[in-house]
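Here are my notes on this model, point by point. Please read them with the structure open.

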Amino acid sequence: MQSMNQFRLVDNDPVEAAGAAPLVRLRGVGKVFPGRRRGQASVEALCPTDLDIRHGEFLTIVGPSGCGKSTLLSMIAGLMAPSSGELTIGDALVEGPHPGLGIVFQKDLLLPWRTALDNVLIQAEVRGLSRKVHTARAMKLLELVGLGGFEGFYPHELSGGMRQRVGICRALLHDPSLLLMDEPFAALDAITRDQIAVDFQNFWQSDKRTVVFITHNIAEAVFLGDRVLVMTARPGQIADVIDIDLPRPRRLTLREAPEFTRYTAHVRDVFIKHGVLRG
Ligand SMILES: Nc1ncnc2c1ncn2[C@@H]1O[C@H](COP(=O)(O)OP(=O)(O)OP(=O)(O)O)[C@@H](O)[C@H]1O
Ligand SMILES: [Mg+2]
């Protein structure tokens, strides 16, 4: 039996990424929400956090509800300003929403009166990009995620998994360097969720874009991630960052393999140690 300390645990010390400049850098990035009314206590959602996100990596973030995962993602997206610290993407300080990002949320947020293709093309419209040029790319993306032939279908004619795939295509239409995904598969049934995870991994392998993927699901985090960032309960802190040294493409049967369950057990033990789970 492999002991726990044989896992290559990566300290989230910034020097760890020395050599290759990271795509995203957080230094002391924290968030405190002020009380809504006078006298109401403020809420510290995220403790000051240091983190480097590498170019082309698939980083998964797993943590309990309310630990600041969405807050962290919103700050990276430039949708919310940190209360402290410095956040950069490439060389640029994140000071507001920026164009090189794609975001996928838990709900597909498709417009019901638009076809799958037209929902993907919203991304071009809001960015003032050529619809003509992007139609071909949208069709290609829909094909790649297994929706070839469904471009003319309306959301109510698609399953939940298919709608979420449309949402992924919409997030990728403008070819963002960074894809942020906030529990994108959480609303799906277990079988669809497993399938979309495999398919998305295969897609990502051919695409190699930097992905930050939030989930509550330990197995999903290990299955998809190059690294798994484990967070504690609010105020969120990084409890551990684990390198997942499992070859790709990863197949569903891997989930029963001892090398896989050792990682999931490790994440669970981190949660137990920090009082997130009771064993
Ligand atoms: N806009 C806001 N104003 C005030 N408090 C907020 C705001 N957004 C989040 N919070 C608080 O910050 C904490 C973290 O919220 P966040 O949504 O980031 O958690 P989470 O880890 O994404 O949770 P979940 O897994 O349930 O989605 C919570 O206590 C929440 O109430
Ligand atoms: Mg959330």
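Which side chain makes a polar contact with the side chain of His 216? Point 2 takes this up.

1. **Ground rules.** This is a predicted model: local features need pLDDT of at least 70, side-chain atom pairs count only at pLDDT 80 or more, and totals for chains, interfaces and linings use all residues. Residues are numbered from 1 along each chain as its sequence is written, chains are lettered from A and ligands numbered from 1 in the order in which they are written, and side-chain values use heavy atoms, with hydrogens and water left out.

2. **His 216.** The partner is Glu 183: the two side chains make a polar contact at 2.8 Å. A polar contact is a pair of N or O atoms within 3.5 Å; within protein, one must be able to donate a hydrogen and the other to accept it, and residues adjacent in sequence count only if both atoms are side-chain atoms. His 216 sits in the loop between S8 and H6. Helices (H or I, at least four residues) and strands (E, at least two) are DSSP runs, numbered from the N terminus. His 216 counts as partly exposed because its relative accessibility is 40%. Buried means under 20% relative accessible area, exposed over 50%, and partly exposed in between (1.4 Å probe, protein chains only). Beyond its neighbours within four places in sequence, His 216 is in contact (heavy atoms within 4.5 Å) with Val 62, Gly 63, Pro 64, Ser 65, Lys 69 and Glu 183. Its C-alpha is also 8.2 Å from that of Ala 186, 30 residues apart along the chain.

3. **Polar pairs at ligand 1.** Thr 71 places a polar side-chain atom 2.5 Å from a ligand oxygen. For Gly 68, a backbone N or O atom lies 3.0 Å from an oxygen of ligand 1. Glu 183 has a side-chain N or O atom 3.4 Å from a ligand oxygen. The protein covers 65% of the 630 Å² of accessible area that ligand 1 has on its own. Accessible areas come from the Shrake-Rupley method with a 1.4 Å probe; for residues, only the protein chains shown count as cover.

4. **Helix H5.** H5 (residues 190-207) has 18 residues and reaches 25 Å from its first C-alpha to its last, close to the 26 Å expected at 1.5 Å a residue. The expected span is 1.5 Å times one less than the number of residues. Asp 189 caps the N-terminal end, with a side-chain oxygen 3.2 Å from the backbone nitrogen of Ile 191. Buried residues of H5 include Arg 193, Ile 196, Phe 200 and Trp 204. Their cover includes strand S3 (58-62), helix H3 (131-144) and helix H4 (160-172). After H5 comes Lys 208, with a positive phi near 50 degrees. Lys 208 is partly exposed because its relative accessible area is 47%.

5. **Thr 60.** This residue lies in strand S3. Thr 60 counts as buried because its relative accessibility is 0%. Its side chain reaches the backbone oxygen of Ala 221 at 3.0 Å. Contacts of Thr 60 beyond four places in sequence include Phe 213, Leu 224 and Val 228.

6. **Backbone points to check.** A cis peptide bond joins Arg 234 and Pro 235, with omega about -5 degrees. Another cis peptide bond joins Arg 248 and Pro 249, with omega about 0 degrees. Pro 249 is in the loop between S10 and H7. Leu 109 has a positive phi, near 50 degrees, in a residue other than glycine.
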